[in-house]
Amino acid sequence: MELLSDAFVYLCAAVIAVPIANRLGLGSVLGYLIAGVVIGPVLGIVGSETTEVQHFAEFGVVMMLFLVGLELQPAMLWKMRKQLIGLGGLQVLGTTAVFAGAGLAFGLVWQSAVALAMILALSSTAIVLQTLNEKGWLKTEGGQSSFSVLLTQDIAVIPMLAVLPLLAVGHGGGSQGDSHGAGHGGEALASLPGWLQAVVILAVIAAIIVAGRHLMRPVFRFIAESHLREIFTATALLLVIGIALLMDFVGLSPALGTFLAGVVLSDSDYRHELESDIEPFKGLLLGLFFLTVGAGIDFNLLFGAPVTIFGLAIGLIVTKFALLFGLGTIFNLKGADKWLFALGLAQAGEFAFVLFGFALSAGVLEPALLQTLTLVVAISMLLTPALFILYEKVIAPRAVTQSNRPADEIDRKGRIVIAGMGRFGQIVGRLLITSGYDVVILDHDPQTVENLGKVGLKTFYGDATRPDLLHGAGLQDADLFIAALDDRDKQTMVVEHVAKTYPKVRILARARDRHHVYELEQAGAHHAEREVFEGAMTMGRRALIDLGMHPFRARSKAKDFWHHDRAMLDDLRENYNDGGVDKSYIDAMRAHSQTLFEIMRTDHGDEKHERTERGWTPPPKGDATL
């Protein structure tokens, strides 16, 4: 029952803390760490058993590296080789060199300095990728560069696991536990000559590659044909655990073996099935691992030397930021992208906790030093959301307007001014230009301006939220202003400015969703169009046709839906307020949804005139789809 009570405490802490942390923008990793702090040092609910639990939970890292390997298809790695080797490789090697020098300056032996430097060179994949995805920054140049470096770091963990035992200086950490098999692995080969041990190890690695390429595929096919999901899951776990035991048997890191197996199976037909089966176990074990890390934080140490701990954490962030900013400059990252790249990766990562345990068991780092560094890493991760807020609210707006490239001088005027030439603005702009209208186009992305210029679309570089640029574009003499910016807040802001400053200009605006439509209308837009609505309508009509409905009938259904949605957009406007939605809005929404069901299930008699429209072939009499 003691096991069940401990499991209940850990699960309860995770279920409560992690959703709250995600809602606050802190990410799941910090949620687990905070939960561990609460049930450990703060409330004292868990205690000495956390060390044993942590060793069990470390198997989540083995699973994580198997999943990382599954994502690293050889063709993709080859395609990204320049960024991985260049940007990512320089980041890992450069940061390692700088921190190793700092470690030597603080009096560490060179082995410990190098080990510590390698660990601190890593950043938090979980926090950074989650934030980039949530904010929509992953597709930016800065986001893509960050992804390349994080991928390189994940790959670099493998050689780090292999190198750390070679740096052992005998701090007696082995008694602390066997992390990833570092303490007991290889005893079976200890009696063999060195050359024969090397042969056995190479043979095991070759066996993993050959089995992954030729044996496991028919095995997975056979298991899949049984149509028993739980057996496929059991097979996936058997594969990971079996390889981990085999690598431990020959004295190598289990994580290295499972990573290698993941790469071998990355182009398998069963890759996605393996990912979906392993992911829940990996997530729970890693979450448990971070919980134990938080529970093991020594707050007496923090309160005893707060200036030292926070000073080291801030020094870590500042040093990594400076190195990353320099690399961004070398690799031609501009403006906001360079700041996003440097600030986003400036923290230490979750792999540090794993490698600390590995280094301790291997005798590379002293336990007292690791207690301090665990606090430093945790604090640097806790400060990461603040760094992203600093970027988003302070640096990004200034970085755009203060780019190295000055705004273009606008030497032409037109009846129409378009702000933003993303995927939405380009379609509108091409339609108007090819129809013979004079259009002045503004965009703040230098690459977009350059690409459009190559295909003959003259675009002026500049931030359309700047009043002087809008005036220079001739908006005071224009008939129409089309706001098509990607950023929701900036879009509303520029619409409000144009509506107040140029009241005679008609404003058409791109909206993110229905609520953004209302915001833009309140800001002064004469018409706001949802960016994906018409495309989604076309896709829905195509789906009806593919399901067997006659094209004429599908078009009629789509028109009914379109008219109802427009009417609902008008009706719900009265129930919407700046604070969002209330009960009256939700009630009105439910009523309209019920009405839509009735409309879509009813055939109308007003379709007769549509049957004679040019280009339409009426469905044959007795068509079952009617």
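Contact here means heavy atoms within 4.5 Å. Among contacts in the protein chain between residues at least 6 apart in sequence, 75% join residues at least 24 apart. This is a predicted model, in which local features need pLDDT of at least 70 and side-chain atom pairs count only at pLDDT 80 or more, while totals for chains, interfaces and linings use all residues. Residues are numbered from 1 along each chain as its sequence is written, and side-chain values use heavy atoms, with hydrogens and water left out.

**Overall content**

- The protein chain has 27 helices and six strands; helices (H or I, at least four residues) and strands (E, at least two) are DSSP runs, numbered from the N terminus.
- Of the 626 residues of the protein chain, 46% count as buried, where buried means under 20% relative accessible area, exposed over 50% and partly exposed in between (1.4 Å probe, protein chains only).

**The sheet**

- Six strands form an open sheet in the order β3-β2-β1-β4-β5-β6, with parallel pairing; two strands pair if DSSP finds at least two bridges between them.
- The edge strands, β3 (460-461) and β6 (527-530), each pair on one side only.
- Helix α24 (residues 514-523) packs on the sheet and touches β5 and β6, and its direction makes about 155° with that of β5. Axes are lines fitted to C-alpha atoms, for helices over the stretch in contact, and angles run from 0 to 180 degrees between N-to-C directions.
- Strand β4 (residues 480-483) has Leu 480 and Ile 482 pointing one way and Phe 481 and Ala 483 the other way, and all are buried.
- Strand β1 (residues 416-419) runs parallel to β4 and is joined to β4 by four bridges. Ile 416 has Leu 480 in β4 as its bridge partner, and Val 417 stands opposite Phe 481 in β4.
- Four bridges also join β4 to strand β5 (residues 506-511), again in parallel. Here Leu 480 has Arg 506 in β5 as its bridge partner.

**Helix α4 with helix α13**

- Helix α4 (residues 59-71) packs against helix α13 (residues 271-295) at an angle of about 150°, with their axes 9 Å apart.
- The two helices α4 and α13 are therefore roughly antiparallel; angles under 35 degrees count as roughly parallel, over 145 as roughly antiparallel, 65 to 115 as roughly perpendicular and the rest as oblique.
- The crossing of α4 and α13 is left-handed, which is the term used if the near helix is turned anticlockwise from the far one by less than a right angle, with right-handed used if clockwise.
- Residues of α4 in the contact include Phe 59, Met 63, Phe 66 and Leu 70, and those of α13 include Leu 274, Ile 278, Phe 281 and Leu 285.
- By class, the contact of α4 with α13 has 12 nonpolar, one polar and five charged residues. Ala, Val, Leu, Ile, Met, Phe, Trp, Tyr, Cys and Pro count as nonpolar, Asp, Glu, Lys and Arg as charged, and the others, Gly among them, as polar.

**Helix α15 with helix α18**

- The axes of helix α15 (residues 306-330) and helix α18 (residues 367-382) come within 9 Å and cross at roughly 55°, so α15 and α18 are oblique to each other.
- The crossing of α15 past α18 is right-handed.
- On the α15 side, Ile 309, Phe 310, Leu 312, Ala 313, Leu 316 and Ile 317 take part, and they meet Thr 372, Leu 375, Val 376, Ile 379 and Ser 380 in α18.
- This contact of α15 with α18 has nine nonpolar, two polar and no charged residues.

**Helix α25 with helix α26**

- Helix α25 (residues 533-546) and helix α26 (residues 551-573) pack at an angle of about 145°, with their axes 9 Å apart, and α25 passes α26 in a right-handed crossing.
- Contact residues include Phe 533, Met 537, Arg 541 and Leu 544 of α25, and Ala 554, Arg 555, Phe 561 and Trp 562 of α26.
- The contact of α25 with α26 counts nine nonpolar, no polar and six charged residues.

- Asn 332 lies in the loop between α15 and α16, and Asn 332 counts as exposed because its relative accessibility is 51%.
- The phi of Asn 332 is near 65°, a positive value in a residue other than glycine. Most residues other than glycine have a negative phi.
- Helix α16 (residues 335-344) is mostly covered, with eight of its 10 residues buried. Among them are Asp 337, Lys 338, Leu 340 and Phe 341.
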